[in-house]
Amino acid sequence: MSTSENVLDVRDLSVSFNTARGSLRALRHIDLKVPQNKIVGIVGESGCGKSTLINSLLRLLAPNAVVDDNSEIIFEGEDVMEMGKSDLQGLRGQRISMIFQDPMTALNPVISIGAQMSDILYRQKLTKAQKRERAAAMLAQVGIPDSVRRLDDYPHQFSGGMRQRICIAMALMMNPSLLIADEPTTALDVTLEAQIIHLMKELREDFECSMLFVSHNLGLIAELCDEVIVMYAGEVVEQGNVHDLFHRAQHPYTQMLLECDPARISETRKDLPTISGSVPDLVDLPQGCIFSPRCPKRYEPCNESPPGTFEVGGQHSARCFKVRDA
Amino acid sequence: MPDLLEVEHLRVRFRTAGLVQALLKGLDDPFIDAVMDVSFSLAKGETFGLVGESGSGKTTLGRAIIGLVQAQEGSIKFEGKELVGLKDSQYQEVRRNIAMMFQDPIASLSPRKKVRSQIAEPFKIHNIKDKDPDQEARRLLKLVGLHEGFLEAYPHQLSGGQARRVGVARALSLDPKVIIADEPTAGLDVSVQGEILNLMNRLQRELGLSYLIITHNLPVVRHVSDRLAIMYLGRFVETGTTTEIFEKPAHPYTLGLLAAVPEPDPDKRRDKLELEGEIPSLMSRPKGCEFHTRCPFAQEKCLSEAPVYKEVAPGHFASCHFPFPDPADAKAVGRHAMPET
């Protein structure tokens, strides 16, 4: 059975927001699978719908959001869209947990780390001492030295890198089946970033946990992920395993995104490549392919209708007519 | 001919405790040195990059040059004129020639002012009457590639890239010779990042600007700067041409920084960590070489004796007893920051 292999299986997810200007179509026909014990990376620029996608998975969308009726979000065999309030509470933070971008705002500044971590275990029938013990063990596992004593410290007494380690420890407290990391290293220096990524790799071996890793840093995606999804303006434009994506990218957007990364340009040059134009207005979508106004490879079919998803081979697919006609 | 900007043995200290507090806490020295013994020069049309982790003192150095914090020792000369010790009113004149682009593009704009007045503000501050601020605002917007419609926009209506362009326009308003750009591309998407850097590059060619770029983004700095300085705990630990530093880093810290940048290629994954631990507190600088607590190449000598900042190759300076380390010789240090396995 295919569903048992995938922790998360999102099918045909479309989300729009009611705004004063009309319906803003933030996500359109998203298909996404997170297989057991794999790390799936989501890449895309600001406004591509990464945050809306994550919030949909946890049913945390704003009140003006409308989820299309065909949308299915199957998590461990259950449809998240059908879940009631108590099921959702059991889902959030327990079966799916999250690591946020800014570790300072993710922690409560006036509650000690130990208390914040014990709070997560509120459902469990453990004594206070046992909860503290679990918290200390978890801190030690993410590399906080002297973890028992530091339980009584407050967030401001830790450095940025240490705080992010604490957030990771908190996310893993309930042993979740799916961990969502939303740009977990953007607020950190490159050396600390490398340390956090190293830690995540180590933890991956210890906790049998699948992960959705959201980032716009292509280097980190290449370093950590097994599979990659590229998003543009609310659509998945390309997906495949990390090697296919980085070495055999098919969608012009993916290709240009890779070309723009200064870390991939081996010869130094003062004039850097860019993607000209800007992201389209999601209230008034173009008739054809969403990327066609900025695409250097567009031809007749692109202006007529939006392309479907075409297989490149195996698990690799792209939303581009060039792939169909290749 | 002297360089446009010359900084020599600059030291910036901050007081961390008052006299009584220092006495009570038993501090011998209630000061921290945010910038210590820094020397460099910037020529006309040149781009100089300042690189280091948070807390290494790069922003403080930039702010000291433009007079936003006072330097205690050393000298800053702009076109031969000494800036250290100038009164704030005297510094005003200097700021026509040296402009700053602050870190966060949106936060550095006033939320209640339209783009028009943000750009025209320097003309008021400097009491410039011979130019029409309105016309200048239009000219500057055009120069940075924004159409006139943006004159009436408020900062919250701008995207990150557009706000950055307004920041560039504002920095250019008084025809400065030097621009200090603090993290000019932080928080921008890669495609937009390229646009801003290309814009800065074009303006440099057209207007003959010199840039001091403060950043921790090594892939970017490699493409844009001519020379680089690597900062650690307020000191320069390595300076040289960008090419040389990237090809042949002399200081182990530089080597570690370069190794920390992930390569966007899944075939080149790293299995070991090059630089462990975190930057120590300025309150308790390590003895000997200040980097020894994190250095994978540290030896006996490094624990007790501070290295001299010296020329290790023509035009290439570093402070290390054993420069040009071979990455193969690295040994694990600073395990305290990592989980015990």
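Predicted model: local features only at pLDDT ≥ 70, side-chain atom pairs only at ≥ 80, totals over all residues.
Residues are numbered from 1 along each chain as its sequence is written, and chains are lettered from A in the order in which they are written. Local features need pLDDT of at least 70 and side-chain atom pairs count only at pLDDT 80 or more, while totals for chains, interfaces and linings use all residues.

Student: How many helices and strands does chain A have?
Tutor: Helices (H or I, at least four residues) and strands (E, at least two) are DSSP runs, numbered from the N terminus. Counted that way, chain A has 14 helices and 13 strands.

Student: Is A:Gln250 buried or exposed?
Tutor: A residue is buried if 20 or more other C-beta atoms, placed from the backbone, lie within 10 Å of its own, exposed if 12 or fewer, and partly exposed in between. A:Gln250 sits in the loop between helix 11 (242-247) and helix 12 (252-260) of chain A. Inside 10 Å it has 22 C-beta neighbours, so A:Gln250 is buried.

Student: Which residues does A:Gln250 touch, not counting those up to four places away in sequence?
Tutor: Two residues are in contact if their C-beta atoms, placed from the backbone, lie within 7 Å. Leave out residues up to four places away in sequence, and the partners are A:Glu238, A:Val312, A:Ala318, A:Cys320 and A:Val323.

Student: What percentage of the residues in chain B is buried?
Tutor: Chain B has 11 helices and 12 strands. Its total is 341 residues, and the buried share is 45%.

Student: Which helix of chain B gives the largest share of the side that touches chain A?
Tutor: The contact takes 42 residues from chain A and 35 residues from chain B. On the chain B side, helix 7 (190-207), helix 8 (218-224) and helix 10 (252-260) each supply at least two residues. The largest share is 7 residues, and it comes from helix 7.

Student: How many residues on that side of chain B are nonpolar?
Tutor: Ala, Val, Leu, Ile, Met, Phe, Trp, Tyr, Cys and Pro count as nonpolar, Asp, Glu, Lys and Arg as charged, and the others, Gly among them, as polar. The side of chain B that touches chain A has 9 charged and 9 polar residues. Its nonpolar residues number 17.
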